[in-house]
Amino acid sequence: YQNKFIHQGNSELKPEDIIKAELSFTITALGFFKTTLFYDEITEKVDRDLDVVCFGEDCDEDDGDGDTEEKTNYSILSWDNLGKTRSNGVEMIFVTRPLPSWNVTLYGSYWNNETIQSSEDDQVGNEHGFWGMMVSEINLKSNQKINIYSHRSSPMKLTTGEIKPFERMDISYKKKVSDKFNFSLKLKDVFDSSGFGIQTNRIIEQDGIDHNQYLKADSRRSRRTISINFEYRFGEFEKKKYRREDQGTYDRGDGDGGMDQGF
């Protein structure tokens, strides 16, 4: 509220009506490869919506000299039904083992979304982008393992702007010393490049006047970090006799098995 940015729900959302079609092709020659072409047509698609409103008495207040008092505008981020959208794209996944001790998984997805009907002009338009991921696991001698995870995206085009490309890589090393003791070393965000930037430029109508709103923002959840973990098992795990295996809840002996809290 103090930053003039408000998150708000929408209890009047309508359910989505979805028509979906997919065509998949699979090969198991050099591992496992699967590609899928997809097409979606959604009526009343639910998506994020940003509006600018004015709160307070100063919105319509006039001091008598012909000048309107300074207004306080707030950006409200909520959810809305876009109207009608069409989406198409392709997904690919490839799992292979170049060496007996090396497993690799590759994944990629290209998507293209088009909003063709909407109650707000800034929601009509085309969006597209690509996102890819790689997971690599290398098993070494003496119970050692190296894991590499990385992902990258292309610039993602929005109806009102663009999301900059982002990338990240994590590397971890794990050593099993014995049946009870092992340790691991992990370096997150190797190149200190995670996060994303966004730029938008949209026209907002307020009180009959068109306003140009320009947004440029960069977001990062965390920076490059390194961690060392030690694990020691004091004994073998034994299931508790009073735990119900069928539901994962505790039986307190009152006949109903207790309350399932979702743990």
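Q: What should I know before I start?
A: The model is predicted, so local features need pLDDT of at least 70 and side-chain atom pairs count only at pLDDT 80 or more, while totals for chains, interfaces and linings use all residues. Residues are numbered from 1 along each chain as its sequence is written, and side-chain values use heavy atoms, with hydrogens and water left out.

Q: Okay, how much space lies in the largest pocket?
A: About 740 Å³. A pocket here is an open set of points on a 1 Å grid over the protein atoms alone, where a 1.4 Å probe fits, with protein on both sides within 12 Å along at least five of seven lines. Its volume is the space filled by probe spheres set on the points, which are joined across faces, edges and corners.

Q: And which residues lie nearest its centre?
A: R48, L77, L158, T160 and I198, out of 23 lining residues; lining means having an atom within 4 Å of a point.

Q: Which strand gives the most to that lining?
A: β4, with 4 residues. Strands are DSSP runs of E, at least two residues long, numbered from the N terminus.

Q: What about the second largest pocket, how big is its volume?
A: About 370 Å³. Of the 14 residues that line the second largest pocket, H151, F166, G195, F196 and R221 are the closest to its centre.

Q: Switching topic: how many salt bridges are there?
A: The count is 9, where a salt bridge is a side-chain nitrogen of Lys or Arg within 4 Å of a carboxyl oxygen of Asp or Glu. One of them joins K84 and E41, at 3.4 Å from N to O. That pair links distant parts of the chain, with K84 in strand β6 and E41 in strand β3, 43 residues apart.

Q: Is E41 buried or exposed?
A: E41 is buried, because its relative accessible area is 17% (buried means under 20%, exposed over 50%, partly exposed in between, with a 1.4 Å probe and protein chains only). E41 also belongs to a network of salt bridges with K84 and R86.

Q: Last one: which residues form the nonpolar patch on the surface?
A: L185, I226, I228 and F230, with about 440 Å² of accessible area together. Strand β16 supplies the largest share, 3 residues. I226 sits in strand β16, and I226 counts as exposed because its relative accessibility is 62%.

Conventions:
Patches are made of residues with over 30% relative accessible area and no salt bridge: like charges are joined within 9 Å, nonpolar side chains (Val, Leu, Ile, Met, Phe, Trp, Tyr) within 5 Å. Accessible areas come from the Shrake-Rupley method with a 1.4 Å probe; for residues, only the protein chains shown count as cover.
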